[in-house]
Amino acid sequence: MPVHGEGAAVNRVTWLGHSTVVIDVDGARLVTDPALRRRIWHLRRSEAVSSAAVGELDGVLISHAHFDHLDLGSLDRFDRSVAVVVPEGAGVLLRRRGFAHVLEVAAGDELELGGVRVRATHAEHAPGRGPFSARSAALGYVVSGSVAVYFAGDTDLFEGMAKLRPLDLALLPVWGWGPRLPVGHLDPSRAAEALRLLCPRAAVPIHWGTFRAPFAPRSGSAPALEFARAAALLAPHVKIHTLRIGESLALPST
């Protein structure tokens, strides 16, 4: 696991399952959509993730307010002084929880966390959290320093993906947690099509093989393998790295 602040800064990403990725760039450490608990509503994973696996943070990036991406129970494990970036309209959920540094953003907004630049991007995905919650959009994020990492959140293909270049790494959702994917998601083949638009040097499939609904069949590694096969055909210039939960990938500076 990465150790924050130990020795020279190492650029890397560590996948902790679903859409939870620790991003280390130029000494800054961010985590995306932390979903660390063994059970989130009806969804279950084989084991919980310790907050020690996340480490000391410079910021939390929340892509959208759906319960498997904005999990208040997981966020409760973090220091209330950490910066939490959320789509406009979702900040009230964090402030009620006692978080003091909540930054609400819209697509196109930029800010700095830990010395790296974070740009909010469009995501083609259903907004909000439910009928009685404030409306908020879905977002992705590009984290830029000596490398540029795109975290797509949950999204389908959208016009403007190509404008996110240049990218060193794309963290792309390739599946879900149930037997079907509704509109607003990337399946393995559409995620491979996204690579043709994004043109990253490398990609890591996320949002697969972690949570499942009760009695739902296990997908195993099939979605990630299917993505790698489709990427080899549609975007052979992109190096695909399929990580195990808890595994890290080093990112050489460009």
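Colleague: Which residue stands opposite lysine 239 in strand 15?
Modeller: This is a predicted model, and in it alanine 202 stands opposite lysine 239 of strand 15.

Colleague: In what sense do strand 14 and strand 15 pair, and over how many bridges?
Modeller: Strand 14, residues 202–206, pairs with strand 15 in the parallel sense, over two bridges.

Colleague: What is the strand order of the open sheet?
Modeller: The order is 9-10-11-12-13-14-15, which gives an open sheet of seven strands with mixed pairing.

Colleague: And which strands stand at the edges?
Modeller: Strand 9 (110–113) and strand 15 (239–240) do. Each has a single partner strand, so one side of each is left without a neighbour in the sheet.

Colleague: Which strands does helix 3 touch?
Modeller: Helix 3 packs on the sheet and touches strand 12 (148–151), strand 13 (169–173), strand 14 and strand 15. The direction of helix 3 makes about 150° with that of strand 13.

Colleague: Turning to the helices, at what angle do helix 3 and helix 4 pack?
Modeller: Helix 3 (residues 188–198) and helix 4 (residues 222–234) pack at about 40°, and their axes are 8 Å apart. That angle makes helix 3 oblique to helix 4.

Colleague: Is the crossing left-handed or right-handed?
Modeller: Helix 3 passes helix 4 in a right-handed crossing.

Colleague: Which residues meet there?
Modeller: From helix 3, Pro188, Ser189, Ala191, Ala192, Glu193, Leu195 and Arg196 meet Pro223, Glu226, Phe227, Ala230, Ala231 and Leu234 of helix 4. The residues of this contact divide into nine nonpolar, one polar and three charged.

Methods
Residues are numbered from 1 along each chain as its sequence is written. This is a predicted model: local features need pLDDT of at least 70, side-chain atom pairs count only at pLDDT 80 or more; totals for chains, interfaces and linings use all residues. Side-chain values use heavy atoms; hydrogens and water are left out. Axes are lines fitted to C-alpha atoms, for helices over the stretch in contact, and angles run from 0 to 180 degrees between N-to-C directions. Helices (H or I, at least four residues) and strands (E, at least two) are DSSP runs, numbered from the N terminus. Angles under 35 degrees count as roughly parallel, over 145 as roughly antiparallel, 65 to 115 as roughly perpendicular and the rest as oblique. A crossing is left-handed if the near helix is turned anticlockwise from the far one by less than a right angle, and right-handed if clockwise. Contact means heavy atoms within 4.5 Å. Ala, Val, Leu, Ile, Met, Phe, Trp, Tyr, Cys and Pro count as nonpolar, Asp, Glu, Lys and Arg as charged, and the others, Gly among them, as polar. Two strands pair if DSSP finds at least two bridges between them.
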